[in-house]
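Biologist: I have not looked at this one before. Can we go through it together?
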Amino acid sequence: MKSLSANLKDSLAVALVACLLFGPFLGLQLRDGDNGNLALTPRPELLAIAVGLTFIARFLMLLWHDHRPRRPPAAGLSYAMAKTGKYFAPALLVVAVALPLIPGIANSYVDLGVLIMTYIMLGWGLNIVVGLAGLLDLGYVAFYAVGAYSYALLSQNFGLSFWECLPLCGILAAAWGIFLGFPVLRLRGDYLAIVTLAFGEIIRLVITNWVALTGGPNGIDGIPHPSLFGLKFSMAGGPGTFAGFLGIDPTPSQRTGYLYYIILALALLTNWVTLRLRKQPLGRAWEALREDEIACRSLGINLRNTKLTAFAIGAMFGGFAGCFFATREGFISPDSFTFIESATVLAIVVLGGAGSQLGIVLAACVMIGVPELLQSLQIYRMLIFGLALVVIMVVRPRGFISTRRPTVSLGHAKIIGAELISEGRG
Amino acid sequence: MAYALQQLINGVTLGMIYGLIAVGYTMVYGIIGMINFAHGDVFMIGAYLGIIALTALTGITSVPLGIIAALVFSAAFCGLYGFSIERVAYRPLRGSFRLAPLISAIGMSILLENYVQTSQGALERAIPSLIPGGITVLTENGFNVQLSWMQIAIVVITLAVLAIFTYIVTRTPLGRAMRAVEQDAKMAALLGIDTNRTISYTFIIGSALAAVAGVMFLLYYGVIDFYIGFNAGIKAFTAAVLGGIGSLPGAVLGGLLIGLIEAFWSGYATVAYKDVAVYSILAIVLMFMPTGLLGRNEVEKV
């Protein structure tokens with residue numbers, strides 16, 4: 001245990017470094033001066049606040065470090081989560097199903113639920129690629145974009161409805177998954193990450209520049225909303241609409257609720273397929289691939305097919321989610337498919353921890369829900385998001401749920417720690 | 001011919017900037033085996049430090065002195081940024097599972113971009129050209145091939161910085177330690193090299209080089225915003241991969257090639273798709289030549 005004075009000295013050193021770091025950026029601000037040149041405005045009070053906060057934060061951190069209760073490593077949050085997970089997951093599902101039915105719930109909360117659910121679905125889709133097959137994909141947003149643009153273009157040019165397009169979007173995205181997966185079969189780890197990132201950017205740039213087809217940066221407007229057995233959710237009411245059919249007043253919450261149940265069903269489908277696949281030869285091959293590629297090859301598993309199915313199925317769910325995104329927003333543009341989206345979804349998967357389905361739900365609620373609730377801090381939203389990524393990684397590098405139950409076991413399934421799971425070099 | 005020569009000049013200038021950033025990537029990858037995703041944003045921080053320094057030095061009449069002061073200021077503070085980033089975001093995760101530092105680096109990249117955006121505003125910032133004019137190298141059919149003083153200055157400064165850097169890596173005890181840790185960190189530690197300190201120095205040097213690149217980007221284009229780091233970062237990483245990741249001369253060579261490809265593509269094909277061309281090259285190189293031009297062949301151990 002260090003003495004208080006040593007802690008103070010350490011904190012002062014950190015504060016000094018912070019002073020130097022923040023000095024040029026917080027202490028000075030560029031502004032347009034007279035005669036067209038730039039000028040600087042000093043902001044000493046902001047700098048002082050930032051440095052002071054750093055000092056206090058560092059000091060408290062050191063105090064906590066010295067005095068934190070020692071506990072056995074196994075009895076962490078993750079362990080408790082894994083134990084209660086059996087009851088927690090169904091409870092969460094009940095809440096998810098009942099959310100739009102809560103009387104008097106504000107439409108904005110259901111809308112937020114739709115957003116979170118979209119990211120949960122994307123997270124579960126990417127989890128197939130990253131969490132199960134161990135292939136690090138930084139360009140997942142490409143398939144999201146393929147799905148969204150497929151629906152937008154099919155509905156605009158051929159007048160197809162949402163329900164007709166949904167499977168098509170999935171198929172198209174899966175085809176792109178195979179198409180982009182083929183060249184990267186031999187790549188491993190970080191190289192794979194960078195190439196998939198490049199593919200994501202290529203697709204976005206092509207969408208931006210191919211103005212004749214996609215409308216370029218202006219995007220595509222007027223994408224139709226989904227209907228329920230031909231009944232539209234229109235604010236006008238009258239015959240042929242949902243409200244008119246039931247003889248009730250049309251409200252915006254009906255459409256939001258409908259969208260909510262669509263994405264909930266899609267997300268649950270993703271989850272169900274993943275859980276089923278994990279029990280089948282294909283899913284086991286994925287997990288074997290993640291653990292050791294060479295051993296896999298030695299045992300006669302076809303690496304090409306295993307990797308390509310992971311890409312294709314992951315991409316398919318991305319395509320579904322993209323299709324849903326297009327119909328929900330009614331308007332899409334390349335701005336919605338930047339690298340930040342890929343990073344967000346990957347962050348959700350990794351923060352969820354070691355391919356845990358429940359962990360992804362928690363991570364999506366934290367990473368998407370919390371910033372949305374901080375709307376008043378709009379300009380600081382991404383700043384907090386970046387900071388949170390770093391802090392959560394440093395504190396819990398294995399994610400929220402860092403234990404896993406083996407898919408196949410003889411007798412009682414023992415929960416294993418994430419340290420024993422390979423990170424996937426695929 | 002004249003047009004091609006002009007593209008060559010532009011490409012080399014751009015390539016020098018990419019090469020400097022790529023060196024930072026390749027050093028960090030070589031020594032701790034992670035993609036320092038925030039490196040592009042360190043470059044952006046360097047450019048902002050440069051514009052702040054140049055604005056603060058408005059009174060100084062000697063342009064070369066002002067540029068050198070801005071370079072030194074930016075490199076010093078950026079080195080401190082690199083050091084802090086490694087200490088805060090990467091060191092606690094060393095030896096953790098492989099995705100953790102990557103996610104942390106992505107978080108750091110988002111953090112740095114928004115830190116600059118919120119503290120300095122989202123507007124583009126422009127400075128007037130400090131060294132205007134140039135020489136006409138060649139005139140052909142009324143097309144003048146321009147070689148601006150600024151381009152000469154950029155190439156000269158890059159070569160000087162790279163010379164200092166090469167001296168550090170090949171001739172000093174620190175450089176020896178860096179190369180030793182790169183080859184085998186555990187063995188180097190057993191032989192009494194302070195691995196942590198060596199890694200810190202690697203980050204400081206890499207960030208200082210990125211800062212130099214940032215200031216030169218600022219001087220060359222005259223306009224910066226908080227988002228320049230992303231594209232430049234990916235292109236520099238492409239350069240590092242093209243040259244063979246882990247190889248320092250390879251990074252500079254890769255940077256030059258990427259700069260030339262970009263310049264010629266913009267000159268002869270469509271400007272809109274120049275980034276697509278660079279990314280495609282990244283994918284193609286990794287598929288068919290994963291070790292790059294000057295990289296070592298890695299033996300797969302079972």
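Biologist: What percentage of the 302 residues in chain B is buried?
Modeller: This is a predicted model. In chain B, 52% of the 302 residues are buried.

Biologist: How many helices and strands does chain B have?
Modeller: There are 11 helices and 4 strands in chain B. Its radius of gyration is 19 Å, close to the 19 Å from the globule rule for 302 residues, so chain B is as compact as a globular protein of that length. The C-alpha trace of chain B spans about 65 × 45 × 35 Å along its principal axes.

Biologist: Now the partner. How many residues of chain B are in contact with chain A?
Modeller: 48 residues of chain B, against 49 residues of chain A.

Biologist: Which element of chain B gives the largest share of that side?
Modeller: Helix 4 of chain B, with 16 residues. The residues on the side of chain B that touches chain A are 34 nonpolar, 11 polar and 3 charged.

Biologist: Different topic. Which residues have the most contacts inside the largest nonpolar core?
Modeller: That core has 218 residues, and the ones with the most contacts inside it are Val195(A), Ile263(A), Ile21(B), Val212(B) and Leu282(B). Helix 8 of chain B, residues 195–221, gives the most to this core, 16 residues. From chain A, domain 1 (4–67) and domain 2 (81–420) each give at least three residues.

Biologist: And what does Leu282(B) touch, leaving out residues up to four places away in sequence?
Modeller: In chain A, Leu282(B) touches Ile194(A), Val195(A) and Ala198(A). In chain B, Leu282(B) touches Thr238(B) and Val241(B).

Terms used: Residues are numbered from 1 along each chain as its sequence is written. Chains are lettered from A and ligands numbered from 1 in the order in which they are written. This is a predicted model: local features need pLDDT of at least 70, side-chain atom pairs count only at pLDDT 80 or more; totals for chains, interfaces and linings use all residues. Two residues are in contact if their C-beta atoms, placed from the backbone, lie within 7 Å. Helices (H or I, at least four residues) and strands (E, at least two) are DSSP runs, numbered from the N terminus. Ala, Val, Leu, Ile, Met, Phe, Trp, Tyr, Cys and Pro count as nonpolar, Asp, Glu, Lys and Arg as charged, and the others, Gly among them, as polar. The radius of gyration is taken over C-alpha atoms; the globule rule is 2.2 Å times the number of residues to the power 0.38. A residue is buried if 20 or more other C-beta atoms lie within 10 Å of its own, exposed if 12 or fewer, and partly exposed in between; C-beta atoms are placed from the backbone. A nonpolar core is a set of buried Ala, Val, Leu, Ile, Met, Phe, Trp, Tyr and Cys residues joined through C-beta atoms within 7 Å. Domain bounds come from an automatic or database domain assignment.
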